[in-house]
Amino acid sequence: MIKRIISGGLTVADQAALDSAISLSITHGGYIPWGRMTEIGILPSKYKLQEIKTDNHFECIERNVKESKGTLIISVGELNDDAKYARKVTIKNSHQVFVVDLELTPSFEAPTRVYDWIQKYNIDKPYIIGPFTYEYLNIDRHMTVIVEGALLLDKMDAPQGSKFIDYSKDMYVQKLPALPKTVDEAVDQIISDMSLEERVRMASFDKEELRVINYSLSVFIKNQLFMKDINKELFESCLAVSDNKNLNEGTAALVIIERLWEKLRKTYKLRVVK
């Protein structure tokens, strides 16, 4: 099962790979040169990549390779310099590498081949690198078909050789445990997963600590409860509770955390007995 998608974000193709991970609630990461510059401008903040203190993108490629368990290269004919370097470093680090040449393999066939490679070598953290926009028209669309198709097959635990057109995101959503549709349902679900110690500790926080201490809980809510735009009912409930029309998934998660904290304080806050 794929746990994380790694990409450098330098090209539109790279960003499409990251978008595919986000759409299926798979964590992502990677390294990008200082300044977060890409082929079309500064990388948007929604991509959680780490800047390194150099403008040498080859160093980023090397770090991304080492962070991964295998490298997936999407190319158009001969590999460009970045792809060549990624392949070289991957082989040097004894990782698996797989190249999809869009001049030889149609994008609608590629997801099956990528998924089979992932399954064969148990690649749970692939590093994905794609061509520049000038190398292939509408590369972002082709990249989405390839990466999201392969990820969907992985999510569905499909047999090797499966075609992504036999599955859909709706089928994946139907396999998931029932998602909470309201703030109170989300709070109850989180509490049920917390240990007694965690409940007591959170109940002891003051209100200002919530925004600082509970970053990981906020990430959990965004990834697992909102499911990256899939669970729209929960987001609407957050809007209604907060009466704030400018919420995003991050600030909506804080609405749930605050309600959670209030409920825990009623039951689990330690009181000094005199």
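Which residue with positive phi follows α1? Select S25: its phi is near 60 degrees, and it comes after α1.

Before moving on, some ground rules. This is a predicted model, in which local features need pLDDT of at least 70, side-chain atom pairs count only at pLDDT 80 or more, and totals for chains, interfaces and linings use all residues. Residues are numbered from 1 along each chain as its sequence is written, and side-chain values use heavy atoms, with hydrogens and water left out.

**Whole view**

Zoom out. The protein has 12 helices and 9 strands. These are DSSP runs numbered from the N terminus: helices are H or I with at least four residues, strands are E with at least two. The C-alpha trace spans about 75 × 45 × 35 Å along its principal axes. Of the 274 residues, 47% are buried. Buried means under 20% relative accessible area, exposed means over 50%, and partly exposed lies in between (1.4 Å probe, protein chains only).

**Stop 1: helix α1**

Select residues 12-23. The end C-alpha atoms are 16 Å apart, which agrees with the 16 Å that 12 residues should span at 1.5 Å a residue. The expected span is 1.5 Å times one less than the number of residues. Color by accessibility: 11 of the 12 residues in α1 are buried. Among them are V12, D14, Q15, L18 and I22.

**Stop 2: aromatic pairs**

The whole structure holds 3 aromatic pairs. Rings of Phe, Tyr and Trp (its six-membered ring) pair if their centres lie within 6.5 Å; planes under 30 degrees apart count as stacked, over 60 as edge-to-face and the rest as tilted.

Show F58 and Y85. Their pair is edge-to-face, 5.0 Å centre to centre, with 70 degrees between the planes. F58 lies in helix α2 (residues 57-67) and Y85 in helix α3 (residues 81-92), so the pair ties together parts that are 27 residues apart in sequence. F58 is partly exposed at 30% relative accessibility. Y85 is also partly exposed, at 23%.

Next, show F132 and Y134. The ring centres are 5.7 Å apart and the planes are at 15 degrees, so this pair is stacked. Y134 is exposed, with a relative accessible area of 68%.

**Stop 3: a charge over a ring**

Select R63 and Y31. R63 lies over the face of Y31, 5.4 Å from the ring centre. The criterion: NZ of Lys or CZ of Arg within 6 Å of the ring centre and within 35 degrees of the ring normal.

**Stop 4: α4 against α5**

Select helix α4 (residues 110-121) and α5. The two pack at an angle of about 50 degrees, with axes 8 Å apart. Axes are lines fitted to C-alpha atoms, for helices over the stretch in contact, and angles run from 0 to 180 degrees between N-to-C directions. α4 and α5 are therefore oblique to each other. Angles under 35 degrees count as roughly parallel, over 145 as roughly antiparallel, 65 to 115 as roughly perpendicular and the rest as oblique.

**Stop 5**

Select N138, in the loop between β9 (126-129) and α5 (139-155). Phi of N138 is positive, near 55 degrees, and the residue is not glycine. N138 is partly exposed, with 32% relative accessible area.

Then pick D157, in the loop between α5 and α6 (169-175). Its phi is near 50 degrees, again positive in a residue other than glycine. Is D157 buried or exposed? D157 is exposed, at 57%.

**Stop 6: helix α11**

Finish at residues 232-242. The buried residues of α11 are L234, F235, S237, C238 and L239. D243 follows α11, with a positive phi near 55 degrees.
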